[in-house]
Amino acid sequence: MKAKTGLTSYLADNSRPLSSFFYFAFIMTIFFVAAPEVFFAPKFHQAVMTTLPMIIFLVIPLVFVVTMGEIDLSFASIFGFAAWVFAGSIKYLGFDPFLGLLVGIAGGAGLGIFMGCLVVYGRISSLVASLGALFLIRGFLFVVSDSKSITIIAIREHWMYPLLVGKFYGFPMQIFWAAIFVVIAYYLYHRHVFGIHVHHVGDNPDSAAQMGVNVDLTRIFCFMYCGIGAGIAGIFSTLINFTWWPTQGFGFLLLAIAGVFVGGTPTWGGVGTIFGAVFGSGVIAYMETGIVAMGWSGLWRQFFNGLIIILALLGHRFHGNRIR
Amino acid sequence: MEPIIELKNVTKKFGGITALDSASLHVDKGEVVGLIGDNGAGKSTLIKTLVGVYKPDNGEIIIKGKKVNNWNTKKAREAKIETVFQDRALTPQQSIVWNIFMGKELRHPFGFIKVKEQIKEANKIIREIGFTSNLIDANSPVGNLSGGERQGVAIARAIYNDADLIILDEPTTALSLIETQKVFDFVNNVKAKGRSVLFIGHNIFHVFDISDRFIILDRGQVIHKLDKNDVKTPEELIKVMKDTVIGGKN
């Protein structure tokens with residue numbers, strides 16, 4: 001057996017994000033060839049980049065949760081809850097939008113902590129607990145809003161609006177915020193005690209506990225982080241649309257989960273990839289619009305979404321099974 | 001001399017089963033204590049209670065003369081007690097370096113990790129404990145290592161943290177003769193530095209060779225505390241065990 005060279009070692013160490021990049025590049029190549037007039041137009045990409053950040057804000061924290069060996073479905077409702085707190089606090093309580101943003105994110109974090117406590121102290125499977133929370137929170141939003149939306153048009157005049165969702169050389173500002181979010185997440189995941197403990201807990205929680213890692217707290221923080229990401233996504237969505245509505249965020253539920261797995265994070269915990277998740281998010285975002293841009297009926301969208309998820313997961317099988 | 005660690009009348013129950021029944025023991029500075037007993041005697045429960053994995057239902061844990069409350073694994077490691085668990089407590093998908101520093105990472109402010117420093121230290125320590133292959137470095141996943149090498153990583157973790165007491169739970173199980181000898185060398189080195197070892201084993205010959213004192217556990221109770229003046233050979237130790245555990249008491 002020969003020692004790995006620098007390049008082979010790099011390829012082996014980064015096979016998951018690299019293959020996610022390959023899927024992204026492959027799909028984009030098909031789109032560019034099939035619909036050059038649409039895909040060579042910068043405006044099309046600027047439009048995709050309006051919604052792509054929302055997927056990124058949801059997918060990246062989910063990578064942490066899946067790495068920890070858990071799943072969280074409640075993010076799609078926390079998205080709506082945080083946005084409701086944001087819009088409602090501005091419209092009905094007269095909060096400054098910046099304060100509303102902080103309160104909204106805090107609301108997302110709070111529900112994330114609630115989710116974490118449910119899993120840790122309630123000893124309920126995260127799949128079931130978060131499914132329950134998904135409907136519970138959404139139901140709460142329907143009841144308190146009487147299924148009516150909240151419009152906050154005046155927010156356009158606030159200094160925060162152009163800074164968060166304005167345009168910079170035609171590109172939506174939220175794509176830059178998403179980039180900052182990814183860089184911070186990368187360092188949290190690979191260089192911070194929290195991220196490393198998430199890896200250990202997902203790999204073998206008993207070993208982590210025996211070595212003094214606070215497994216319960218790590219789990220709770222992880223769900224809290226997911227709540228924060230969902231909160232940010234919800235607030236950006238409200239800013240873009242000037243409106244909160246009761247079903248807001250629900251459409252991202254399966255797309256964001258697909259983004260995690262297309263991005264190369266396996267289901268079994270202990271490993272994952274942040275950059276892979278970015279490409280996974282890209283695949284999902286472009287699939288949503290690319291099919292229609294190619295001239296196909298929108299009816300095909302879910303079919304191709306499903307196809308690319310299955311093909312990507314089959315491809316990721318080549319990275320091998322779980323090491324035990 | 002003040003013991004490094006002392007257990008007084010510790011009881012631990014799991015449902016209706018009493019895994020530890022008023023067990024008491026101590027480990028002094030610079031000594032190697034062998035803890036022996038049959039399967040199900042309560043050895044692993046005793047170790048896990050001692051290092052805070054399990055909370056005792058009754059009894060006291062005293063560290064360097066002070067009774068401790070809310071004892072847990074983090075506090076045990078902060079008190080310079082390191083354990084090489086029977087299952088080695090490794091995370092196989094993570095690298096050697098992350099495993100060596102698990103739970104005691106070298107940190108910058110705000111919790112960011114000194115990655116380069118950790119890798120440098122890990123590479124140094126795995127060479128010290130005898131990893132000679134160029135195919136293995138600090139970034140290699142633990143899951144790709146052999147059983148002996150994994151044991152080496154678990155021991156490297158204990159060495160790095162400069163422990164006052166190292167607890168080895170069945171450290172020679174499933175190891176080759178050479179790997180077993182390495183474990184013995186490690187124990188002797190630790191002892192030579194004035195540190196203590198609690199050595200748990202099935203193999204009486206291994207335990208006898210390495211230990212200064214012996215504690216025999218049966219059905220959760222400490223039934224004998226002997227030193228090498230009491231038993232001169234492994235056969236004598238086996239006889240004591242047979243007479244009390246298998247013959248006398250039952």
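Strand E9 (residues 213-218) and strand E10 of chain B run antiparallel to each other and pair over six bridges. Two strands count as paired if DSSP finds at least two bridges between them, and the strands (E, at least two residues) and helices (H or I, at least four) are DSSP runs numbered from the N terminus. Within this pairing, Leu217(B) has Val222(B) of E10(B) as its bridge partner. The structure is a predicted model, in which local features need pLDDT of at least 70 and side-chain atom pairs count only at pLDDT 80 or more, while totals for chains, interfaces and linings use all residues. Residues are numbered from 1 along each chain as its sequence is written, and chains are lettered from A and ligands numbered from 1 in the order in which they are written.

Stepping back to the whole sheet, six strands of chain B form an open sheet in the order E6-E7-E8-E3-E9-E10, with mixed pairing. Strand E6 (81-84) and strand E10 (221-227) of chain B each have a single partner strand, so one side of each is left without a neighbour in the sheet. From one strand to the next, the twist averages 15°; angles run from 0 to 180 degrees between N-to-C directions, with axes fitted as lines to C-alpha atoms, for helices over the stretch in contact. Helix H1 (residues 43-50) of chain B packs on this sheet and touches E3, E6, E7, E8 and E9 of chain B, its direction making about 150° with that of E7(B). Helix H5 (residues 147-160) of chain B lies across E6 and E7 of chain B and runs at about 175° to E6(B).

What happens at strand E8 of chain B? Six of the six residues of E8(B) (196-201) are buried, a residue being buried if 20 or more other C-beta atoms lie within 10 Å of its own, exposed if 12 or fewer, and partly exposed in between, with C-beta atoms placed from the backbone. In a regular strand the side chains alternate between the two faces of the sheet. Here both faces are covered, with Ser196(B), Leu198(B) and Ile200(B) buried on one side and Val197(B), Phe199(B) and Gly201(B) on the other. Strand E3 (residues 32-37) of chain B pairs with E8(B) in the parallel sense over five bridges, and Gly34(B) has Phe199(B) as its bridge partner. Strand E7 (residues 165-169) of chain B is also parallel to E8(B), again over five bridges, with Ile166(B) opposite Val197(B). Between E7(B) and E8(B) the chain crosses through helix H6 (residues 177-192) of chain B in a right-handed β-α-β crossover; right-handed means that, with the strands pointing away from the viewer, the path from the first strand over the helix to the second runs clockwise. Gln181(B) has its place in helix H6 of chain B and is exposed, with 12 other C-beta atoms within 10 Å.

Phe199(B) returns in the largest nonpolar core, where, of 167 residues, Ile55(A), Leu58(A), Leu62(A) and Phe199(B) touch the most other members. Such a core is a set of buried Ala, Val, Leu, Ile, Met, Phe, Trp, Tyr and Cys residues joined through C-beta atoms within 7 Å. Helix H12 (residues 215-241) of chain A gives the most to this core, with 14 residues.

Finally, 25 residues of chain B are in contact with 23 residues of chain A, contact meaning that the C-beta atoms of two residues, placed from the backbone, lie within 7 Å.
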